[in-house]
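Student: Could you walk me through reading side-chain pairings in a model like this one?
Tutor: Gladly; let us look at it together.

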Amino acid sequence: MSMDFYGFPLHLSSAQQAAARERCEAAEVKHEKAWAKYAKKNQAPVDDTRKKMCRKGIPPQFRPLQWFIISGASKRASEKEPSYYRSMVELGFSSSSDRHQIEVDLARTFPSNVWLRTAEAHQMLERVLLAYSMHNPAIGYCQGINYLAGMLLLVLQKNEEWAFWILVSLLDEGILYENMFSHNLLGAHVEMQSLAELVIEKMPKLAAHLAKLQCDITIVATDWFLCLFCTSLPSETAMRVWDALLCEGPKILYRVSLALLKTNEEAIMRIKDAGTVLRHLREANASIHDRDSLMTLAFEHVGSMPMAKIEAHRREKQQVMAQNLRQRSSKSNLKKAISRGTSINDRADGLDAAVADVSAAIESQHAIKRQYSEPKNRSWSSKAQPAYASPAAGNGAPSYVSPVAASKSSSGGGFNLFSGGGAPVHTPSAAPQYMAPSAASKYTPPAPAASKYSSPAPAYSPYSPAQSQYDAELEAESMITIKDVTESSRGSFAGTIVQTGRDEKLILSPEYQNL
């Protein structure tokens, strides 16, 4: 089976798709000279030049350094102690309440990828996710972050510390909208409802058709905003989107979302039910290998999109949610309870019953929230910890060596992240090796750029039927489906059901969070 540059099975259903992919690879080769000029100086382009070059795409061999700089991760890492990442990992293994869910999700994270399904990848991914859960306890861990971290490890050639800092830049520091991964996904809801307004403005016929089919745009766009297209588009196309996202911020998500809808508009207008719309979009997006055409459409054919307009939509949606929070908070439960007694002067037993109903309703909300939203307390004392040790541990386990610490204690080749006042330094001896287009059909997992783990990279071998069946089962378990529920359909609460394989989790709407 052919693999793409990042080790995912390559599904090309037509000669046209294969030809489009080859054209995009040829265009990347043409851009290499311009990016090499900056790599030699250990720099990234700035201002309008950066924006223009990132929109055209960063060749894969230059992405690690360029992403580390343009995302702001280099600056943020330089502001912390060199051992900060290692300390967050160690704290995560000993204290994170999210550890169980992270471990469950490791095998669900791109199981079809030739490297991410290995034990080495699972250990690295677990360390990154645990470190982030302790770095930002307000978010901790939310399903969807595992996909982002997995892709970062692939693109950054297993440099887990860089993956951690770019994840911090994405989730903490303004690249994505605030509260995107909060426990109630408030930011994600605001973003998707703002997208719905832009669809009404720019594609009114499509918006009216989707409304007629009762196909809510938030259902269509959930994976786009929470997984940043990496579970919807081919990996090479998704990473082209990330080039621009890390440079320009969240408006890229809007542009690409509108481009995908515009690409499929004619086909959607012929569809008569919401389920078929969702299936069509999933299948069509998974086959977009012409990343140049997609990004051209996103930047040149969806119209003007100033951030001021996006911010106005966001403020409007935030106000609507705040108003709903005030007006709907347990209204139906209180009405039911008060209806048991018509006035204060009515029978005392009627009022007592009303109070009891209110108490029962509140307790019901707490029970639902405990069941679906809160992590379960577990004891990890009897569970062996994955091989992770400081260099001084001396226990024979593969030792973690911080790239930052290594750069300050060694003058040899490789990635020296901070030299001369915090500027990232990249020496040619450890430059990521770009795989030529002709070799991309046989994926070779990248060698570690700044890590000293002893586990060798797994060699690629074609899938066996048994392996393919195993991957199919894991893919089924990793499918994320999200559906909104209302008071009328699920009793006395409202929120969002997130189903990952066989697991189901309820995220309560904001007005029910404080019951």
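**Salt bridges, rings and core**

Tutor: The count comes to 18 salt bridges, each being a side-chain nitrogen of Lys or Arg within 4 Å of a carboxyl oxygen of Asp or Glu. This is a predicted model, where local features need pLDDT of at least 70, side-chain atom pairs count only at pLDDT 80 or more, and totals for chains, interfaces and linings use all residues. Residues are numbered from 1 along each chain as its sequence is written, and side-chain values use heavy atoms, leaving out hydrogens and water.

Student: Is R23 buried or exposed?
Tutor: R23 counts as exposed, at 52% relative accessibility. Buried means under 20% relative accessible area, exposed over 50%, and partly exposed in between (1.4 Å probe, protein chains only). E28 and R291 also form a salt bridge, with their closest N and O atoms 3.3 Å apart. E28 is buried at 11%, and R291 is buried at 3%.

Student: Which residues join R291 in a network?
Tutor: Salt bridges that share partners link R21, E25, E28, E236 and R291 into one network.

Student: How is the aromatic pair of Y84 and F164 arranged?
Tutor: Rings of Phe, Tyr and Trp (its six-membered ring) pair if their centres lie within 6.5 Å; planes under 30 degrees apart are stacked, over 60 edge-to-face, and the rest tilted. The whole structure has 11 aromatic pairs. Y84 and F164 are tilted, 6.4 Å centre to centre with 45° between the planes. Y84 belongs to helix α5 (residues 84–95) and F164 to helix α9 (residues 160–172), so the pair ties together parts 80 residues apart in sequence. Together, Y84, Y85, F164 and W165 form one aromatic cluster.

Student: Which residues touch the most other members of the largest nonpolar core?
Tutor: In soluble globular proteins, nonpolar side chains tend to be buried together. A nonpolar core is a set of buried Ala, Val, Leu, Ile, Met, Phe, Trp, Tyr and Cys residues joined through side-chain atoms within 4.5 Å. Among the 118 residues of the largest one, W67, F181, C230 and W242 touch the most other members.

How values were computed:
Helices (H or I, at least four residues) and strands (E, at least two) are DSSP runs, numbered from the N terminus.
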